[in-house]
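Please keep the sequence and the model in view while reading.

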Amino acid sequence: MSRWKLLVLQVLVGVVAIAAWWIGSSVKIAGVLLLPPFFFSTPGDVFARVIRMFATGMVWRHLGITLLETALAFAIGAVGGIVFGFWFARKPTVAAVFDPYLKMVNALPRVVLAPIFMLWLGLGIWSKVALGVTLVFFIVFFNVYQGVKEVSAVVLANARLMGMNERQLFRHVYWPSALSWMFSSLHTSVGFALVGAVVGEYLGSSAGLGYLIHQAEGVFDIAGVFAGMFVLAAFVLVIDWAVTLVENRLLVWRPQSALLNE
Amino acid sequence: MSAPDAPPGPAATSAIRLDDVRIAFPIKGQSTYEAVASTSFAVAESEFVSIVGPTGCGKSTLLNAVAGLVKPAGGRVSVLGRPLVGLCREAGYLFQQDAVMPWKTALDNVALGLEVAGRPRAEAEREARDWLTRVGLARFADRYPHQLSGGQRKRVGLAQVLIRHPKILLMDEPFGPLDAQTRQIMGTLLLDLWAADRKAVLFVTHDLEEAIALSDRVLIMSAGPNARIIGDHRIDLARPRDTADIRLDRRFHELHRAIWSELKAEVVKTYGEASA
Ligand SMILES: Nc1ncnc2c1ncn2[C@@H]1O[C@H](COP(=O)(O)OP(=O)(O)OP(=O)(O)O)[C@@H](O)[C@H]1O
Ligand SMILES: [Mg+2]
């Protein structure tokens, strides 16, 4: 499919969805509105609200806070995941001892941790960062672990016969392999960093997109809720696009089909 | 001509020497799989020795033992007169499977051997370009392995091994994925490179003609399990050789007939087992 045709189809889906929403919320069919504005608002109201959020400039501060929390959660979670992933992969005994505990913590729904983090870290950004970290850490950890474990035995033997010491093996073999696994899950882990931030804000804070949405919900301001959701969705698209750029730069050595399959 | 399990020559003159080497693999649920039974042979310095044998007989396993990647269950491997302990650092090993780093370009892969040894990057890169030219890949220096054909990857692997000037060369079907013509060209190239400094070579191949065209000696391995060396033929064809022309030589045909008659029985044995 050509790029333009794809773009036209993508836009068409959006137009149809919004048109359906608009008809449902403002045209009476057999005397009733299918989508009463009290519950569903209207495209016009939501659009006007989004414009106002940007026109008054109030949204920038919230976007900035959410972005900061996301970035911190990702960075801290990724560094932790990489360090522990390598450590566990190279020390099977350590991995075996901690295995059940890791599985236990990972199985825990993180939302239940949010109040605890707020208790420990307060209502500022750090409780949100912590929530994001618990999500990002495990994704990066498991991928790095896998990446180190899955290095082809032949490539490893070749590297050793070449005379590589542990440090060189790390640099030329384990690190690139682990990184490729980590980057293959980059979309997921960045997404989870954002989820951690927004959910944290939603549950208790004084700034951020999650806070905006929560505020609007508190007063049944449906247009405000939808506007917040749209801004959040657009924000996710931009971040995802940036991640794709990074990924394409760093994973040039991988066959294209493998990238497409993920 | 044939001398099964001939006692190897004196250790001082052998680059590689195996004494009664046995190799077994533990198999879950069963006891062990005795892949290679008591095998002895030696490769003299600057000697080019090929091993031929039916698929699955243990040729790669034997090379792995010489490289120190597999520990024999019994017997002794010596390299350059010293018993092998751990990995064999003197060996350059061209694996049967792809062993180049998929995350490095052809150039970086070839330069790696020198960089690891502590040579400055610029120098390593210059030499790597030389080697890529020698194996006919000058134009592919910036390609990643997945952008190369199987045969091109093999040649990157060859350059990666040769750039380090190893004292002994272990090659496991290096020309496996190449077409017949390119195989001959690569064979001639290998002989040229080899003639320059005459390393000891242990070369594994399925292709008996290739083995005869390249080698000083051809060893025949029996079908597994408990594979052994059952034939040892000296190839008394004059050097330098052209790997294509030599196949028209009368002596070549005599040798081929003699070795094939021994090898055929083993191949049939393996095939019989597989289809039984
Ligand atoms: N790690 C292993 N565990 C168990 N069995 C093994 C292992 N490696 C090899 N084998 C067995 O040892 C035998 C010899 O294997 P090897 O790879 O050396 O064969 P080969 O002669 O190189 O065959 P080919 O010509 O097909 O490459 C085979 O029967 C194989 O199944
Ligand atoms: Mg093999």
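## Salt bridges in chain B

B:Arg119 has a relative accessible area of 29%, so this residue is classed as partly exposed. Its side chain meets that of B:Glu127 in a salt bridge, with N and O 2.4 Å apart. B:Glu127 also counts as partly exposed, because its relative accessibility is 22%. The model discussed here is predicted, and these values are computed from it.

A second pair joins B:Arg217 and B:Asp232, whose closest N and O atoms are 3.0 Å apart. This pair links distant parts of the chain: B:Arg217 belongs to strand E9 (residues 217–221) of chain B and B:Asp232 to strand E10 (residues 229–234) of chain B, 15 residues apart. B:Arg217 is buried, since its relative accessible area is 8%. B:Asp232, at 17%, is buried as well; the reason is that buried means under 20% relative accessible area.

## Salt bridges in the whole structure

Over all chains, a search of the whole structure finds 24 salt bridges. One of them is in chain A, where the side chains of A:Arg49 and A:Asp221 meet at 2.6 Å, N to O. The two residues lie 172 residues apart and link distant parts of the chain: A:Arg49 is in helix H3 (residues 43–55) of chain A, whereas A:Asp221 is in the loop between helix H11 (209–218) and helix H12 (222–250) of chain A. With a relative accessibility of 22%, A:Arg49 counts as partly exposed. In general, side chains of opposite charge can pair when their charged atoms come close.

Strand E3 (48–52) of chain B is mostly covered, with five of its five residues buried. B:Phe48, B:Ser50 and B:Val52 point one way from E3(B), while B:Val49 and B:Ile51 point the other way. In a regular strand, side chains alternate between the two faces of the sheet.

E3(B) pairs with E8(B) in the parallel sense over four bridges; B:Phe48 has B:Val201 as its bridge partner in E8(B). E3(B) also runs parallel to E9(B), to which four bridges join it. There, the bridge partner of B:Ser50 is B:Val218.

## An open antiparallel sheet

Chain B also contains an open sheet of four strands in the order E2-E1-E4-E5, with antiparallel pairing. Strand E2 (32–44) and strand E5 (82–83) of chain B are the edge strands, each pairing on one side only. Five bridges connect strand E1 (residues 14–26) and strand E4 (residues 74–79) of chain B in the antiparallel sense, and B:Arg22 has B:Gly74 as its bridge partner in E4(B). Helix H1 (residues 59–67) of chain B lies across E1, E2 and E4 of chain B, at about 115° to E1(B).

## Helix H5 of chain B

Helix H5 (residues 180–197) of chain B has 18 residues and reaches 26 Å from its first C-alpha to its last. B:Arg198, with a positive phi near 45°, follows H5(B).

The buried residues of H5(B) include B:Arg183, B:Met186, B:Leu190 and B:Trp194. Among the elements that cover the buried residues of H5(B) are strand E3 (48–52), helix H3 (121–134), helix H4 (150–162) and strand E8 (200–204) of chain B.

Note on methods. Residues numbered from 1 in each chain as written. Chains lettered and ligands numbered in written order. Predicted model: local features only at pLDDT ≥ 70, side-chain atom pairs only at ≥ 80, totals over all residues. Heavy atoms only, no water. Pairing = 2+ DSSP bridges. Contact = heavy atoms within 4.5 Å. Axes fitted to C-alpha atoms, helices over the stretch in contact; angles between N-to-C directions. Expected span 1.5 Å × (residues − 1). Buried < 20%, exposed > 50% of the residue type's maximum accessible area, 1.4 Å probe, protein only. Salt bridge = Lys/Arg side-chain N within 4 Å of Asp/Glu carboxyl O.
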